[in-house]
Amino acid sequence: MVTFQRVAFETDGVLRSPIAIGHDEVQVWGVLLEIADSELPQATSVLSCEEQERAERLISGGHRRRSIAAHAMLRAILSRYCGASPHQLAIRRTPNGKPVLSDYPSIRFNLTHSHGRALIAVARDREVGVDLEQVRREVDVVRLAKRFLSERDLTCIEQGDPAQRHERFLKAWVAREAVFKTDGRGMTFPLHRDYLELTGDGTKGWLVLGDTASDEKRRPVRFLALDLGWIGAVAAEGTDWTVTVCNWSESRINRGT
Ligand SMILES: CC(C)(COP(=O)(O)OP(=O)(O)OC[C@H]1O[C@@H](n2cnc3c(N)ncnc32)[C@H](O)[C@@H]1OP(=O)(O)O)[C@@H](O)C(=O)NCCC(=O)NCCS
């Protein structure tokens with residue numbers, strides 16, 4: 001189970017014990033984007049000019065504050081993998097906007113944030129993507145599925161318990177985002193060529209890609225155990241990886257999801 005918690009954005013992450021990560025694991029952190037006014041200057045000070053400018057461009061004060069928190073906390077976490085201070089990490093964006101570490105190419109990561117919460121996925125030597133969405137019961141998901149998703153997704157969403165429709169819709173959605181973010185292309189429309197194949201107890205699945213340009217047609221996706229009302233998924237290159245849920249405050253790692 002992923003616990004969303006505040007990450008201390010101290011400036012000397014390098015002094016804390018390093019975090020080990022195996023080639024076959026994807027480590028996932030749940031982050032609460034809460035930050036006090038008094039902490040804003042310190043959090044802002046670890047950001048790059050680009051990150052500060054992006055935050056400045058946000059009109060809503062709440063969004064600006066959460067953007068600062070997300071990137072300061074992301075840096076605090078990454079610094080533990082890299083053995084460098086948070087503000088020293090050079091993070092650049094690919095042409096499609098995916099942030100990557102310039103000086104530590106074997107450490108791959110991805111960030112998602114939604115309504116004051118974030119997930120950060122970290123892997124070694126394999127690209128990774130993560131997505132988080134809040135369940136909004138007022139949304140007509142069948143209408144959205146008819147408009148955007150595939151026939152197979154729609155059938156899956158419509159069948160079974162109607163109370164589970166939003167969860168089934170969001171699983172089809174976050175699976176796409178996690179896979180597309182792994183590839184660094186962001187959400188790529190149209191979405192109706194692909195479909196989600198759920199396996200077992202619904203904690204895993206395959207996103208089956210109908211895009212003829214894709215080399216890999218079946219991409220594994222892991223759904224994360226989150227608080228009620230949240231749906232999240234992680235994807236990564238290859239098939240030989242498992243998810244490890246990380247806990248900042250307890251500074252220990254729980255194996256498995
Ligand atoms: C990337 C994208 C899927 C994010 O979707 P979202 O649900 O709104 O947002 P999420 O919270 O899940 O993810 C946002 C984070 O993903 C990361 N991200 C941005 N672009 C990304 C990409 N192409 N691939 C992977 N991750 C990306 C960033 O860390 C971003 O957070 P930040 O802007 O605060 O740094 C969406 O913005 C998209 O499809 N963008 C298109 C990419 C593109 O065409 N860019 C054109 C050149 S800039």
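What percentage of the 257 residues in the protein is buried?

## Overall build

Let's start with that question: buried residues account for 40% of the 257 residues. Please keep in mind that this is a predicted model. Its secondary structure comprises 6 helices and 12 strands.

On overall dimensions, the C-alpha atoms fill a box of roughly 50 × 40 × 35 Å along the principal axes. The radius of gyration is 18 Å, which agrees with the value near 18 Å that a compact globule of 257 residues would have.

## Contacts along the chain

How far apart in sequence are the partners in contact? Take the contacts between residues at least 6 apart in sequence: 62% of these join residues at least 24 apart.

## How α4 meets α6

Here is a helix pair to look at in your viewer. In general, the packing of two helices is described by the angle between their axes and the distance between those axes. For helix α4 (residues 141–148) and helix α6 (residues 165–182), the angle is about 30° and the axes are 10 Å apart. Angles under 35 degrees count as roughly parallel, so α4 is roughly parallel to α6. The crossing of this pair is left-handed.

Which residues of α4 and α6 make the contact? From α4 come V141, V142, L144 and A145, while α6 supplies R165, H166 and F169. Sorted by class, the contact of α4 with α6 has 5 nonpolar residues, 1 polar and 1 charged.

Notes
Residues numbered from 1 in each chain as written. Predicted model: local features only at pLDDT ≥ 70, side-chain atom pairs only at ≥ 80, totals over all residues. Axes fitted to C-alpha atoms, helices over the stretch in contact; angles between N-to-C directions. Helix = DSSP H or I, 4+ residues; strand = E, 2+ residues; numbered from the N terminus. Parallel < 35°, antiparallel > 145°, perpendicular 65-115°, else oblique. Left-handed = near helix turned anticlockwise from the far one by under 90°. Contact = placed C-beta atoms within 7 Å. Nonpolar A, V, L, I, M, F, W, Y, C, P; charged D, E, K, R; others polar. Rg over C-alpha atoms; globule rule 2.2 N^0.38 Å. Buried ≥ 20, exposed ≤ 12 C-beta atoms within 10 Å, placed from the backbone.
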